[in-house]
Amino acid sequence: PLVLAVRGRVVALAQPKHRSGAIGELAKHVRRSSGSPPGAWALGHGDATDLDTVLDELTHALGTPPTFVAGLDPTVGTHLGPDAVVAGAISGSIEV
């Protein structure tokens, strides 16, 4: 499932049938909410087995590579699972 964190609440975004569809939906949401391409974006993961594929798909869809990639804290990973991915984006230009 795809969920959003909005002002401290979890909101359902979509329930795709396959992981590739979920990654596509995630990319569409990031583009809609931050602009295309986003000013910057980052990816967190819970030791995802397909991390390279996820990075390739999101980089292609968003038009720019992530500013950084980080592992999720074990507490978050325990609740979301090892293949969880979390994306965050900023609209507009930024200086890193």
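Predicted model: local features only at pLDDT ≥ 70, side-chain atom pairs only at ≥ 80, totals over all residues.
View 1. The chain holds three helices and five strands. Along the sequence they run β-β-α-β-α-β-α-β.

**View 2. Overall dimensions of the chain.** The C-alpha trace spans about 35 × 25 × 25 Å along its principal axes. The radius of gyration is 13 Å. That agrees with a compact globule, because a chain of 96 residues would then have a value near 12 Å. Buried residues make up 27% of the 96.

**View 3. The largest nonpolar core.** This core has 14 residues. Those with the most contacts inside it are L26, W41, L43, L51, V54, L55 and L58. In soluble globular proteins, nonpolar side chains tend to be buried together.

**View 4. Close-up on L43.** L43 is among the residues with the most contacts inside the largest nonpolar core. Neighbours within four places in sequence are left aside here. L43 then contacts L51, V54, L55 and L58, among others.

**View 5. Surface and charge.** The protein chain exposes about 6,300 Å². Carbon and sulfur atoms supply 55% of that area. The side chains include 7 positive and 9 negative ones. The centres of these two sets lie 16 Å apart.

Notes: Residues numbered from 1 in each chain as written. Heavy atoms only, no water. Core = buried A, V, L, I, M, F, W, Y, C linked by side-chain atoms within 4.5 Å. Buried < 20%, exposed > 50% of the residue type's maximum accessible area, 1.4 Å probe, protein only. Contact = heavy atoms within 4.5 Å. Helix = DSSP H or I, 4+ residues; strand = E, 2+ residues; numbered from the N terminus. Rg over C-alpha atoms; globule rule 2.2 N^0.38 Å. Areas by Shrake-Rupley, 256 points an atom, 1.4 Å probe, with all protein chains shown as cover. Lys, Arg positive; Asp, Glu negative; His and termini not counted. Charge placed at Lys NZ, Arg CZ, Asp CG, Glu CD.
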